[in-house]
Amino acid sequence: MIGTALRTGVPWGSKSGWVEGYRHDVAFVGDPDGPGLRVLAVMTGGLDQDEADERITALVQELLGDVADVPDIGDIRDAGD
């Protein structure tokens, strides 16, 4: 999930999973040998899988905004039509 919320070309690797009522993902973001490597771990509870995935994506956009694939405001408006 974390990787799907990143811009194209950003190096990453992750392991995600789902157990009834819980969605989790942990990922490295950036060059594993570089100084800017970051690790993000997220676990949700009490949400269905789609809601959990949306929450994880929102957290990536919030916490890793400089490398996240943040939708253009025009795309958000178009989605509501």
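I began with strand E2, residues 22–29, where the side chains alternate. Arg23, Asp25, Ala27 and Val29 point to one face and are buried (under 20% relative accessible area, with a 1.4 Å probe and protein chains only; exposed is over 50%, partly exposed in between). Strands here are DSSP runs of at least two residues (E), and helices are runs of at least four (H or I), numbered from the N terminus.

I noted that this is a predicted model, with local features needing pLDDT of at least 70 and side-chain atom pairs counting only at pLDDT 80 or more, while totals for chains, interfaces and linings use all residues. Residues are numbered from 1 along each chain as its sequence is written, and side-chain values use heavy atoms, without hydrogens and water.

Next I looked up the partners of E2. Strand E1 (residues 12–19) pairs with E2 in the antiparallel sense over 8 bridges; pairing requires at least two DSSP bridges between two strands. Gly17 has His24 in E2 as its bridge partner. The hairpin of E1 and E2 has 2 residues between the strands, and Gly21 in the turn has a positive phi of about 90°. E2 also pairs with E3, antiparallel, over 8 bridges. Opposite Asp25 I found Val42 in E3.

Last, I checked Tyr22 and Asp48. Tyr22, in strand E2, has a relative accessible area of 43%, so I put it down as partly exposed. Asp48 lies in the loop between strand E3 (38–45) and helix H1 (49–63). Its relative accessibility is 42%, so Asp48 also counts as partly exposed.
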